[in-house]
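Colleague: Please take a close look at a single part of this model, the surroundings of one ligand. Then place that part against the other sites and the open spaces.

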Amino acid sequence: MTGAPVIIADGLSGKNITHVPIGKKHFSTVSVAGDIAAADSMIVLSHFKGHIVSGFGGALKNLAMGCAPPEGKRAQHNARPFSIAEKCTGCGSCIEVCPKAAICIEKGTSVIDKELCIGCFECMHVCTAHAIDIDWVTEIPEFMERMVEYAYGATKGKEKKIGYMNFLIRITPDCDCFPFSDAPIVPDIGILASLDPVAIDTASFDLVNQQQGYTDSLLTTHHHKGEDKFKGVHAQTDGFRQCQYAEEVGMGNRAYDLIKI
Ligand code: SF4
Ligand code: SF4
(Lines give C-alpha, C1' and ligand atoms only; values in the text may rest on other atoms or scores of the structure.)
(Ligands and ions follow the chains in the order given, each with its own letter.)
Protein backbone atom coordinates (compact mmCIF):
# COMPACT_ATOMS: atom_id res chain seq x y z
CA MET A 1 0.00 0.00 0.00
CA THR A 2 1.49 3.34 -1.04
CA GLY A 3 -1.50 5.56 -0.30
CA ALA A 4 -1.04 7.20 -3.70
CA PRO A 5 -4.21 8.21 -5.55
CA VAL A 6 -5.13 6.45 -8.79
CA ILE A 7 -5.53 8.88 -11.67
CA ILE A 8 -6.73 7.73 -15.09
CA ALA A 9 -4.30 9.89 -17.03
CA ASP A 10 -6.29 10.05 -20.26
CA GLY A 11 -9.61 10.56 -18.47
CA LEU A 12 -12.47 8.13 -17.93
CA SER A 13 -13.40 8.23 -21.61
CA GLY A 14 -9.86 8.34 -23.00
CA LYS A 15 -10.35 11.83 -24.38
CA ASN A 16 -7.89 13.77 -22.20
CA ILE A 17 -5.14 13.87 -24.83
CA THR A 18 -2.13 16.09 -25.48
CA HIS A 19 -0.61 15.99 -28.96
CA VAL A 20 3.15 16.11 -28.53
CA PRO A 21 5.31 17.06 -31.54
CA ILE A 22 8.28 14.71 -31.95
CA GLY A 23 9.30 14.91 -35.65
CA LYS A 24 10.48 11.31 -35.97
CA LYS A 25 10.48 8.73 -38.79
CA HIS A 26 6.96 7.36 -38.28
CA PHE A 27 5.20 10.15 -36.38
CA SER A 28 5.52 13.91 -36.48
CA THR A 29 3.16 14.11 -33.49
CA VAL A 30 2.08 11.50 -30.93
CA SER A 31 -1.00 11.35 -28.68
CA VAL A 32 -0.07 11.24 -24.99
CA ALA A 33 -2.47 10.93 -22.03
CA GLY A 34 -3.12 14.49 -20.91
CA ASP A 35 -2.13 14.09 -17.27
CA ILE A 36 1.09 12.30 -18.25
CA ALA A 37 2.02 15.15 -20.56
CA ALA A 38 1.18 17.68 -17.83
CA ALA A 39 3.23 15.94 -15.12
CA ASP A 40 6.53 17.53 -14.12
CA SER A 41 8.20 14.20 -13.41
CA MET A 42 7.42 10.47 -13.29
CA ILE A 43 8.32 7.21 -11.62
CA VAL A 44 7.82 4.43 -14.17
CA LEU A 45 7.26 1.00 -12.61
CA SER A 46 7.35 -1.88 -15.10
CA HIS A 47 6.95 -5.64 -14.86
CA PHE A 48 9.54 -7.13 -17.21
CA LYS A 49 8.07 -10.08 -19.13
CA GLY A 50 7.67 -11.57 -22.60
CA HIS A 51 5.49 -10.38 -25.47
CA ILE A 52 4.20 -12.30 -28.47
CA VAL A 53 5.32 -9.64 -30.94
CA SER A 54 7.80 -7.27 -29.32
CA GLY A 55 9.78 -10.07 -27.63
CA PHE A 56 9.63 -8.42 -24.23
CA GLY A 57 7.94 -5.56 -22.47
CA GLY A 58 9.76 -3.32 -20.01
CA ALA A 59 10.14 0.41 -19.39
CA LEU A 60 10.05 1.43 -23.06
CA LYS A 61 6.91 -0.52 -23.81
CA ASN A 62 5.28 0.69 -20.62
CA LEU A 63 5.96 4.29 -21.62
CA ALA A 64 4.72 3.68 -25.16
CA MET A 65 1.49 1.83 -24.49
CA GLY A 66 0.95 2.81 -20.87
CA CYS A 67 1.07 6.55 -21.52
CA ALA A 68 -0.99 6.52 -24.72
CA PRO A 69 -4.75 7.04 -24.93
CA PRO A 70 -6.72 4.57 -27.09
CA GLU A 71 -6.04 6.49 -30.31
CA GLY A 72 -2.31 6.38 -29.57
CA LYS A 73 -2.36 2.65 -28.85
CA ARG A 74 -4.14 2.05 -32.15
CA ALA A 75 -1.61 4.20 -34.00
CA GLN A 76 1.28 2.06 -32.73
CA HIS A 77 -0.34 -1.23 -33.71
CA ASN A 78 0.34 -1.08 -37.43
CA ALA A 79 0.59 -4.84 -37.98
CA ARG A 80 -2.47 -6.90 -38.91
CA PRO A 81 -2.48 -10.69 -38.71
CA PHE A 82 -3.73 -12.96 -41.45
CA SER A 83 -5.01 -16.53 -41.30
CA ILE A 84 -3.54 -19.47 -43.16
CA ALA A 85 -6.41 -21.51 -44.58
CA GLU A 86 -4.36 -24.70 -45.01
CA LYS A 87 -3.61 -24.80 -41.26
CA CYS A 88 -6.93 -23.57 -39.87
CA THR A 89 -9.19 -26.23 -38.36
CA GLY A 90 -12.14 -23.88 -37.99
CA CYS A 91 -12.21 -24.38 -34.21
CA GLY A 92 -13.35 -20.78 -33.55
CA SER A 93 -11.07 -20.10 -30.56
CA CYS A 94 -9.76 -16.93 -32.21
CA ILE A 95 -13.30 -15.60 -32.64
CA GLU A 96 -13.97 -15.92 -28.91
CA VAL A 97 -11.00 -13.74 -27.90
CA CYS A 98 -11.20 -11.10 -30.62
CA PRO A 99 -12.25 -7.82 -28.95
CA LYS A 100 -13.44 -6.31 -32.23
CA ALA A 101 -15.42 -9.20 -33.75
CA ALA A 102 -13.01 -9.04 -36.67
CA ILE A 103 -12.91 -12.78 -37.37
CA CYS A 104 -15.48 -15.06 -38.92
CA ILE A 105 -15.47 -18.56 -40.32
CA GLU A 106 -16.05 -18.89 -44.06
CA LYS A 107 -16.02 -22.26 -45.79
CA GLY A 108 -14.64 -23.87 -42.64
CA THR A 109 -11.66 -21.56 -42.08
CA SER A 110 -11.10 -18.23 -40.35
CA VAL A 111 -11.09 -14.92 -42.18
CA ILE A 112 -9.82 -11.67 -40.58
CA ASP A 113 -11.38 -8.34 -41.51
CA LYS A 114 -8.38 -6.00 -41.55
CA GLU A 115 -10.64 -2.95 -41.38
CA LEU A 116 -12.06 -4.06 -38.03
CA CYS A 117 -8.83 -5.56 -36.63
CA ILE A 118 -6.87 -3.41 -34.15
CA GLY A 119 -3.75 -5.60 -34.17
CA CYS A 120 -3.95 -6.80 -30.57
CA PHE A 121 -2.60 -10.28 -31.56
CA GLU A 122 -4.79 -12.15 -29.06
CA CYS A 123 -6.02 -14.43 -31.86
CA MET A 124 -2.45 -15.46 -32.65
CA HIS A 125 -1.87 -16.42 -29.08
CA VAL A 126 -4.84 -18.76 -28.74
CA CYS A 127 -4.47 -20.47 -32.12
CA THR A 128 -2.81 -23.77 -31.28
CA ALA A 129 -2.83 -24.72 -34.97
CA HIS A 130 -0.47 -21.79 -35.74
CA ALA A 131 -2.91 -20.74 -38.44
CA ILE A 132 -2.61 -17.00 -37.72
CA ASP A 133 0.55 -15.15 -38.56
CA ILE A 134 1.91 -11.68 -39.30
CA ASP A 135 4.50 -10.27 -41.65
CA TRP A 136 7.53 -10.44 -39.38
CA VAL A 137 9.96 -8.94 -41.86
CA THR A 138 8.24 -5.70 -42.81
CA GLU A 139 5.61 -5.00 -40.16
CA ILE A 140 7.22 -5.96 -36.85
CA PRO A 141 10.41 -3.85 -36.91
CA GLU A 142 8.17 -0.89 -37.74
CA PHE A 143 5.83 -1.78 -34.87
CA MET A 144 8.77 -1.62 -32.46
CA GLU A 145 9.91 1.70 -33.86
CA ARG A 146 6.43 3.15 -33.59
CA MET A 147 6.33 2.06 -29.94
CA VAL A 148 9.66 3.70 -29.23
CA GLU A 149 8.54 6.96 -30.84
CA TYR A 150 5.51 6.95 -28.55
CA ALA A 151 7.79 6.30 -25.58
CA TYR A 152 9.91 9.24 -26.70
CA GLY A 153 6.81 11.45 -26.81
CA ALA A 154 5.73 10.38 -23.32
CA THR A 155 9.06 11.49 -21.86
CA LYS A 156 9.50 14.66 -23.87
CA GLY A 157 10.08 17.70 -21.68
CA LYS A 158 10.91 15.75 -18.52
CA GLU A 159 13.85 13.65 -19.73
CA LYS A 160 16.01 14.23 -16.65
CA LYS A 161 13.12 13.93 -14.22
CA ILE A 162 11.97 10.36 -14.70
CA GLY A 163 12.97 7.41 -12.53
CA TYR A 164 12.55 3.86 -13.79
CA MET A 165 12.15 0.61 -11.87
CA ASN A 166 11.90 -2.74 -13.66
CA PHE A 167 10.60 -5.70 -11.67
CA LEU A 168 12.31 -8.89 -12.85
CA ILE A 169 10.01 -11.06 -10.82
CA ARG A 170 7.65 -13.73 -12.13
CA ILE A 171 9.04 -13.24 -15.62
CA THR A 172 6.13 -14.67 -17.56
CA PRO A 173 6.17 -15.55 -21.27
CA ASP A 174 3.47 -13.13 -22.36
CA CYS A 175 2.14 -9.63 -21.91
CA ASP A 176 0.19 -8.69 -18.79
CA CYS A 177 -2.63 -7.39 -21.00
CA PHE A 178 -3.68 -10.94 -21.85
CA PRO A 179 -6.51 -12.20 -19.63
CA PHE A 180 -4.36 -15.17 -18.57
CA SER A 181 -0.74 -15.85 -17.76
CA ASP A 182 1.64 -18.78 -17.53
CA ALA A 183 4.52 -20.08 -15.46
CA PRO A 184 7.73 -17.97 -15.32
CA ILE A 185 10.39 -18.84 -17.89
CA VAL A 186 13.42 -18.05 -15.68
CA PRO A 187 14.04 -17.61 -11.92
CA ASP A 188 13.27 -14.30 -10.23
CA ILE A 189 16.17 -11.84 -10.51
CA GLY A 190 15.25 -8.73 -8.53
CA ILE A 191 14.39 -5.07 -9.05
CA LEU A 192 16.40 -2.70 -11.22
CA ALA A 193 16.42 1.10 -10.91
CA SER A 194 17.81 3.67 -13.33
CA LEU A 195 17.32 7.13 -14.78
CA ASP A 196 17.78 5.74 -18.31
CA PRO A 197 14.96 3.71 -19.94
CA VAL A 198 17.28 2.26 -22.58
CA ALA A 199 19.92 1.13 -20.09
CA ILE A 200 17.38 -0.42 -17.72
CA ASP A 201 15.66 -2.40 -20.48
CA THR A 202 19.01 -3.50 -21.93
CA ALA A 203 20.23 -4.63 -18.51
CA SER A 204 16.92 -6.40 -17.84
CA PHE A 205 17.11 -8.22 -21.18
CA ASP A 206 20.71 -9.27 -20.52
CA LEU A 207 19.98 -10.46 -16.98
CA VAL A 208 17.04 -12.59 -18.11
CA ASN A 209 19.14 -14.15 -20.85
CA GLN A 210 21.96 -14.93 -18.42
CA GLN A 211 19.61 -17.27 -16.52
CA GLN A 212 19.11 -20.95 -17.11
CA GLY A 213 15.57 -21.24 -18.50
CA TYR A 214 12.92 -23.43 -16.90
CA THR A 215 12.15 -26.57 -18.87
CA ASP A 216 8.67 -26.86 -17.31
CA SER A 217 7.57 -23.56 -18.87
CA LEU A 218 6.56 -22.30 -22.31
CA LEU A 219 10.25 -22.08 -23.23
CA THR A 220 10.69 -24.63 -26.01
CA THR A 221 14.28 -23.74 -26.99
CA HIS A 222 17.00 -21.31 -25.81
CA HIS A 223 17.13 -22.74 -22.28
CA HIS A 224 20.86 -22.26 -21.93
CA LYS A 225 22.53 -19.30 -20.24
CA GLY A 226 23.26 -16.54 -22.77
CA GLU A 227 20.44 -17.42 -25.17
CA ASP A 228 17.52 -15.08 -25.93
CA LYS A 229 14.80 -16.50 -23.68
CA PHE A 230 12.06 -14.55 -25.40
CA LYS A 231 12.93 -16.16 -28.74
CA GLY A 232 12.60 -19.46 -26.90
CA VAL A 233 8.91 -18.64 -26.40
CA HIS A 234 8.17 -16.74 -29.62
CA ALA A 235 10.83 -17.75 -32.15
CA GLN A 236 10.46 -14.87 -34.57
CA THR A 237 10.65 -12.02 -32.10
CA ASP A 238 13.65 -9.72 -31.79
CA GLY A 239 12.92 -7.63 -28.73
CA PHE A 240 16.26 -5.93 -28.58
CA ARG A 241 15.29 -3.78 -31.57
CA GLN A 242 13.39 -1.62 -29.04
CA CYS A 243 16.60 -0.73 -27.24
CA GLN A 244 18.57 -0.13 -30.43
CA TYR A 245 15.99 2.25 -31.87
CA ALA A 246 15.48 4.02 -28.54
CA GLU A 247 19.19 4.75 -28.46
CA GLU A 248 19.05 5.93 -32.09
CA VAL A 249 16.31 8.46 -31.30
CA GLY A 250 18.23 9.75 -28.28
CA MET A 251 16.26 8.29 -25.38
CA GLY A 252 19.29 6.90 -23.60
CA ASN A 253 22.28 4.63 -23.78
CA ARG A 254 22.51 0.85 -24.05
CA ALA A 255 25.73 0.85 -22.01
CA TYR A 256 25.21 0.35 -18.28
CA ASP A 257 26.98 -0.48 -15.02
CA LEU A 258 25.20 -2.83 -12.62
CA ILE A 259 25.53 -1.71 -9.00
CA LYS A 260 24.15 -4.28 -6.56
CA ILE A 261 22.56 -2.93 -3.38
S1 SF4 B 1 -8.04 -20.46 -33.59
FE2 SF4 B 1 -6.72 -20.98 -35.34
S3 SF4 B 1 -7.46 -22.99 -36.05
FE4 SF4 B 1 -9.08 -22.11 -34.74
S5 SF4 B 1 -10.44 -21.02 -36.19
FE6 SF4 B 1 -8.96 -19.52 -35.42
S7 SF4 B 1 -7.30 -19.57 -36.98
FE8 SF4 B 1 -8.52 -21.43 -37.28
S1 SF4 C 1 -5.36 -9.06 -33.82
FE2 SF4 C 1 -6.92 -8.71 -32.22
S3 SF4 C 1 -8.47 -7.46 -33.22
FE4 SF4 C 1 -7.21 -8.36 -34.87
S5 SF4 C 1 -8.27 -10.20 -35.45
FE6 SF4 C 1 -6.77 -10.81 -33.91
S7 SF4 C 1 -7.88 -10.72 -31.95
FE8 SF4 C 1 -9.11 -9.60 -33.45
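**The shell around ligand 2**

Modeller: The shell around ligand 2 consists of ten nonpolar residues, one polar residue and no charged residue. Here Ala, Val, Leu, Ile, Met, Phe, Trp, Tyr, Cys and Pro count as nonpolar, Asp, Glu, Lys and Arg as charged, and the others, Gly among them, as polar. The model is a predicted one, in which local features need pLDDT of at least 70 and side-chain atom pairs count only at pLDDT 80 or more, while totals for chains, interfaces and linings use all residues. Residues are numbered from 1 along each chain as its sequence is written, chains are lettered from A and ligands numbered from 1 in the order in which they are written, and side-chain values use heavy atoms, with hydrogens and water left out.

The residues around ligand 2 are P81, C98, P99, I103, I112, C117, I118, G119, C120, F121 and C123; a residue belongs to such a shell if one of its heavy atoms lies within 4 Å of the molecule. Of these, C123 is buried at a relative accessible area of 8%, and F121 is buried at 2% (buried is under 20% relative accessible area, exposed over 50%, partly exposed in between, with a 1.4 Å probe and protein chains only). F121 sits in the loop between β8 (109-112) and α5 (122-126); helices (H or I, at least four residues) and strands (E, at least two) are DSSP runs, numbered from the N terminus. Its phi is near 70°, a positive value in a residue other than glycine. Most residues other than glycine have a negative phi. A101 also has a positive phi, near 50°, and lies in the loop between α4 (93-97) and β7 (103-106). With a relative accessibility of 59%, A101 is exposed.

Ligand 2 takes up the space of the largest cavity. On a 1 Å grid over the protein atoms alone, a cavity is a set of points where a 1.4 Å probe fits but cannot get out, and a pocket is an open set with protein on both sides within 12 Å along at least five of seven lines; lining residues have an atom within 4 Å of a point. A molecule sits in such a space if more than half of its atoms lie within 2 Å of its grid points. The search of the whole structure finds one cavity of 30 Å³ or more, and the largest cavity has a volume of about 90 Å³ (the space filled by probe spheres set on the points, which are joined across faces, edges and corners). Of its 15 lining residues, C98, I103, C117, C120 and C123 lie nearest the centre. The lining divides into twelve nonpolar, one polar and two charged residues.

Around ligand 1 there are 13 residues, with C88, C91, G92, C94 and C127 coming nearest. Its shell has eight nonpolar, five polar and no charged residues. C88 is buried, at 17% relative accessible area. No disulfide, a pair of cysteine sulfur atoms within 2.5 Å, is found anywhere in the structure.

The largest pocket has a volume of about 820 Å³. Among its 23 lining residues, I7, A9, I36, M42 and I43 lie nearest the centre. β3 supplies the largest share of this lining, four residues.
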